[in-house]
Amino acid sequence: MSATGTLDFQPKDYKSDLKPIWCPGCGDFSVVQGIYRALAAIGRPPHEIAFVSGIGCSSRIPGYTTAYGFNSVHGRALPIAQGIKLANPDLLVLAAGGDGDGFSIGGGHIAHLIRRNMDITYIVMDNQIYGLTKGQLSPTSQKGRTTCTSRYGSLEEPVNPLLYVLAYGAGFVAQASPTDLVGMAAVIEEAIRYPGFAFVNIQSPCVTYGEEAQQIKGLKAIQESLASLGHNPADRLAAMDLAQQYGEKMHLGVFYRNPEPPPTYGDLVKERQALLSKDALPRERILDLFIKK
Amino acid sequence: MRKDLVFGMAGSGGDGIVSAGDSLIQAAAAEGYHGVMTKSFGSQIRGGESSCRVRISIDPILNPGGNLDVAVALNWEDFLKFGAELPVSGTTVVIYEAATGIKETEIPLVGVTPLQVIAVPIAAMAKETAGTERAKNTVVLGLIAGWFGIGAVAVMKGIRKRLAKKGEELVEANQRAFDAGRAFAMAHPLKASMNIVSSDTKGNVKLITDGNDMCAAAAIFAGCQFFGGYPITPSTEIMQFFTDHVWKYGGAVLQAEDEIAGIGAAVGASFAGMKSMTATSGPGLSLKSEMMGLASIAELPLVIVDVQRGGPSTGLPTKSEQSDLFAAAFSAHGDVIRPVLAPTSVADTFRITIEAFNIAEYYQTPVIVLSDQEISQRKETLDPIDTTQFKIIERVRPTGADLQDYKRFKQTENHISPISHPGMLGGTYLASGIEHVESGAPTNSGTVHARMNDKRTKKFDPLKDRKDLFEVSGNPDAPIAMVAWGSVAGVCREALLMAQEQGINVKLLVPYLLYPVAEGVYNEFFASVQKGLIIEQTHLAQTHKLLRMHLDLPKGVKPMARSGANPFLPSEIVAALHNLLSELQRSHEGNLQPQE
């Protein structure tokens with residue numbers, strides 16, 4: 001299969017026949033559009049793309065994309081994506097899901113994907129709520145927030161997804177919003193092009209269970225482009241400083257891009273395979289390993 | 001002269017008991033004998049008790065043996081911790097450390113008078129000849145060579161090879177310790193000679209390996225190129241083998257952050273078109289169950305090896321048991337069939353692992369291989385296996401015509417749909433854990449759900465006709481029967497031979513396929529049966545219950561079930577068969593109709 005065959009693709013070429021079941025006005029409609037645009041800009045044919053998700057409203061997204069999709073089980077998009085990437089490093093591998101899927105039930109996987117630096121792009125549609133189960137507290141819900149599982153207000157601090165991935169050493173970290181579709185598509189494209197693990201947090205409002213301040217209007221009020229701040233994406237410490245404002249300010253753009261990307265896990269695997277392949281006994285003679293002389 | 005000897009040795013961790021066992025079985029192989037070695041430990045890494053059994057025979061070996069012919073105790077406290085795992089009888093020669101200060105007439109074995117008891121100043125001899133008590137295990141090997149005629153040359157050859165890197169001085173010290181042990185034995189002959197007859201296959205090529213390495217090698221032979229897993233006793237050696245070898249075949253291994261990620265990566269690799277597997281033990285099987293459900297509904301081939309240990313929970317992590325049967329058969333929720341296979345020895349672990357991959361690929365399903373601690377960690381000598389006899393099956397791929405209007409979950413005559421994978425032009429689809437129509441698109445329809453359940457379960461029907469996944473031995477018309485699987489099967493094979501010699505008309509069924517339950521095979525087997533035993537290492541008689549769920553067992557067929565770490569002896573099974581025979585005779589004398 002061709003690895004990098006760049007052809008002329010349009011965003012609509014990545015749109016599947018399935019009609020999204022998201023609520024009208026859901027932020028995820030914009031996200032899927034952003035993904036179509038980014039994929040068209042990159043130009044990989046759909047059959048060379050694997051798109052994996054877990055469970056949740058946003059995890060429906062591979063079904064709305066023409067690619068090899070995998071709508072798996074709650075919280076486990078990343079392990080499955082890693083198996084796909086290891087089995088076929090030439091594929092473009094995307095993973096996506098919600099904040100609960102990624103930072104709660106599947107929260108244990110992110111750190112390990114980051115330290116392995118596999119060339120996988122992970123898009124989190126962060127809406128600070130469990131939407132598919134009808135409005136419970138999520139790992140990014142603000143402290144004090146009332147929901148149907150926090151009648152008297154949440155007692156927990158939210159996870160900061162940006163700081164979390166930066167702290168573990170992700171090579172590419174960005175944030176986007178449906179308030180700026182062009183910017184979102186550009187950031188996703190850049191994330192996919194980054195040779196290594198890339199993370200994009202997208203503030204995607206839940207129109208049904210989200211609070212007023214989290215809707216498009218509220219988000220617009222706190223958004224600020226990182227470029228306009230003169231932020232240097234090669235500066236990891238500055239990125240972490242800015243990331244601390246998660247929840248108060250919504251910075252859009254690239255927080256961090258490692259200016260000298262280290263080899264990916266896939267590169268290292270290929271190296272090892274090449275080095276050791278000369279030692280392979282033919283498979284039919286593998287039991288010779290057990291001969292005692 | 002003996003044709004068969006069973007040695008059992010115990011000491012503290014660090015006494016080198018297991019490496020002595022290793023030396024002994026390797027020497028036995030070099031001298032043309034068959035050998036089986038099992039290890040048993042406390043769950044401590046250092047300190048604590050450690051033991052091994054080595055059975056050596058001029059004939060092929062069916063199991064690690066019953067009562068010991070030779071017991072070696074470096075100290076009694078540790079020896080006694082193994083209880084029924086190291087059974088001493090009236091035919092056992094007991095050798096123990098004289099420094100324990102216990103008189104030969106006062107050894108702490110209750111209710112048994114061994115054939116002969118010999119106190120040997122093992123530690124003192126080690127210290128005197130090698131300058132360190134650490135050579136105690138070499139003294140023991142010298143004693144064994146002297147008294148039983150095994151390994152006089154080959155043992156030292158093995159030790160020499162193993163210690164070569166550590167310097168000539170250490171090798172010489174061990175040679176002196178070995179010679180001292182042998183000289184002691186020569187100077188104190190046994191009351192009755194127990195020398196083993198020499199083998200006439202000396203010099204033939206022999207393999208030595210354990211169940212875990214065999215399983216991993218079989219997987220690579222079958223074309224497996226991906227392993228995802230997490231360390232857990234007693235299965236970890238499978239992952240270790242992959243990390244040593246799979247790269248050479250263009251494959252990869254991922255030691256994942258947890259059990260779920262391990263199987264998750266394996267599911268991903270299979271989705272991407274690669275044969276893949278994971279391995280674990282009880283607690284990991286519990287954690288992996290959701291992913292097994294996913295692989296079932298997404299119809300992805302996958303092999304899951306569960307090396308059983310005592311459960312539930314942490315249970316007995318270093319001891320063998322068969323109590324994961326229910327968990328394997330009924331792993332994960334929903335209406336689903338996941339085939340479960342079980343090897344019975346190191347040797348047939350090769351074939352059964354290949355079968356697991358073939359079934360996984362053909363039926364597009366997760367398959368569980370239920371191994372157990374005993375098989376996985378025991379070493380066996382093996383004659384070379386002709387690998388050309390094994391057929392390797394690949395999943396059915398879509399043809400050009402299929403890809404014109406590709407439907408991943410298309411209904412077909414045999415309920416198996418051609419499966420594409422990323423990279424295949426025209427084959428894009430959505431794999432999912434959610435119910436789906438033929439194209440893969442999600443659905444909530446009850447009609448579709450029922451139809452898809454039908455597809456996913458009916459596709460396994462032909463598997464139940466696989467008689468080659470069952471072994472029947474003994475007289476086919478016998479009224480008395482045994483059923484046993486896994487490591488217990490080997491004990492029953494020997495019990496069968498013993499019982500037949502004693503005139504009992506009996507037969508044995510060993511299923512390699514445990515689930516789905518092949519009703520037809522069992523019904524045919526039980527047709528002649530009036531009395532029988534389902535012999536298993538589970539407390540709840542899980543095998544007996546699983547069979548009763550699926551078929552009407554003859555009333556006289558009962559479980560002979562016990563918890564793990566309490567091995568069965570061939571002799572006690574024969575005794576139980578004698579009881580069945582008497583019951584049968586009584587029922588005939590009482591002029592009762594034989595039970596159906």
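Start by selecting A565 in chain B: A565(B) counts as buried, because it has 20 C-beta neighbours inside 10 Å. One thing to know as you look around is that this is a predicted model. To find your bearings, A565(B) sits in the loop between β21 and α19 (570-589) of chain B. Now check its backbone: A565(B) has a positive phi of about 65 degrees, although it is not a glycine. That deserves a second glance, since most residues other than glycine have a negative phi.

There's another stop of this kind. Select E299(B), whose phi is near 50 degrees, again a positive value in a residue other than glycine. You'll find E299(B) in the loop between α10 and β11 (302-308) of chain B. Is E299(B) buried or exposed? Count its C-beta neighbours inside 10 Å and you get 22, so E299(B) counts as buried.

**Two cis peptide bonds**

While we're on backbones, keep in mind that most peptide bonds are trans. Select T233(B) and P234(B): a cis peptide bond joins them, with omega at about 0 degrees. P234(B) lies in the loop between β8 and α8 (236-245) of chain B. Next, jump to Y515(B) and P516(B), where you'll see a cis peptide bond with omega at about 0 degrees. P516(B) belongs to the loop between β19 (513-515) and α17 of chain B.

**A helix and what it packs on**

Now pick out helix α18, residues 542-550 of chain B. Which of its residues are buried? Colour Q542(B), T543(B), H544(B), L546(B) and L547(B), as those are buried. What do the buried residues of α18(B) pack against? Show α11 (325-329), α17 (519-526), β20 (531-536) and β21 (557-561) of chain B, and you have the answer.

**Zooming out to domains**

Time to step back. Colour chain B by its division into domain 1 (4-187), domain 2 (210-389), domain 3 (396-465) and domain 4 (469-589). The C-alpha centres of domain 1 and domain 2 of chain B lie 33 Å apart. Where these two meet, 13 residues of domain 1 of chain B are in contact with 9 residues of domain 2 of chain B. On the domain 1 side of that contact in chain B, the elements giving two or more residues are α1 and β2 (34-41) of chain B.

Select helix α1 (residues 17-30) and helix α5 (residues 154-163), both of chain B. Their axes come within 8 Å and cross at roughly 120 degrees, so α1(B) and α5(B) are oblique to each other. The crossing is right-handed. To see the contact, show S23(B), L24(B), Q26(B), A27(B) and A30(B) on α1(B), then A154(B), V155(B), G158(B) and I159(B) on α5(B). Sorted by class, that contact has 6 nonpolar, 3 polar and no charged residues.

V155(B), M156(B), I159(B), R160(B) and L163(B) in α5(B) meet L170(B), V171(B), N174(B), Q175(B) and F178(B) in α6(B). This contact has 7 nonpolar, 2 polar and 1 charged residues.

Follow on to N195(B), in the loop between α6 (168-187) and β7 of chain B. N195(B) has 14 C-beta neighbours inside 10 Å, so it counts as partly exposed. Draw a line from N195(B) to R2(B): they are 193 residues apart in sequence and 6.0 Å apart in space, C-alpha to C-alpha. Leaving aside neighbours within four places in sequence, N195(B) is in contact with M1(B), R2(B), F148(B) and G149(B).

**Last stop: the meeting of chains**

Finally, show both chains. At their interface, 54 residues of chain B are in contact with 45 residues of chain A. Several elements of chain B give two or more residues to its side, including α1, β7 (206-210), α7 (211-221) and α10 (282-297). Which element of chain B gives the most to the side that touches chain A? Select α9(B), with 9 residues. By class, the chain B side has 35 nonpolar, 14 polar and 5 charged residues.

Notes
Residues are numbered from 1 along each chain as its sequence is written. Chains are lettered from A and ligands numbered from 1 in the order in which they are written. This is a predicted model: local features need pLDDT of at least 70, side-chain atom pairs count only at pLDDT 80 or more; totals for chains, interfaces and linings use all residues. Axes are lines fitted to C-alpha atoms, for helices over the stretch in contact, and angles run from 0 to 180 degrees between N-to-C directions. Helices (H or I, at least four residues) and strands (E, at least two) are DSSP runs, numbered from the N terminus. Angles under 35 degrees count as roughly parallel, over 145 as roughly antiparallel, 65 to 115 as roughly perpendicular and the rest as oblique. A crossing is left-handed if the near helix is turned anticlockwise from the far one by less than a right angle, and right-handed if clockwise. Two residues are in contact if their C-beta atoms, placed from the backbone, lie within 7 Å. Ala, Val, Leu, Ile, Met, Phe, Trp, Tyr, Cys and Pro count as nonpolar, Asp, Glu, Lys and Arg as charged, and the others, Gly among them, as polar. A residue is buried if 20 or more other C-beta atoms lie within 10 Å of its own, exposed if 12 or fewer, and partly exposed in between; C-beta atoms are placed from the backbone. Domain bounds come from an automatic or database domain assignment.
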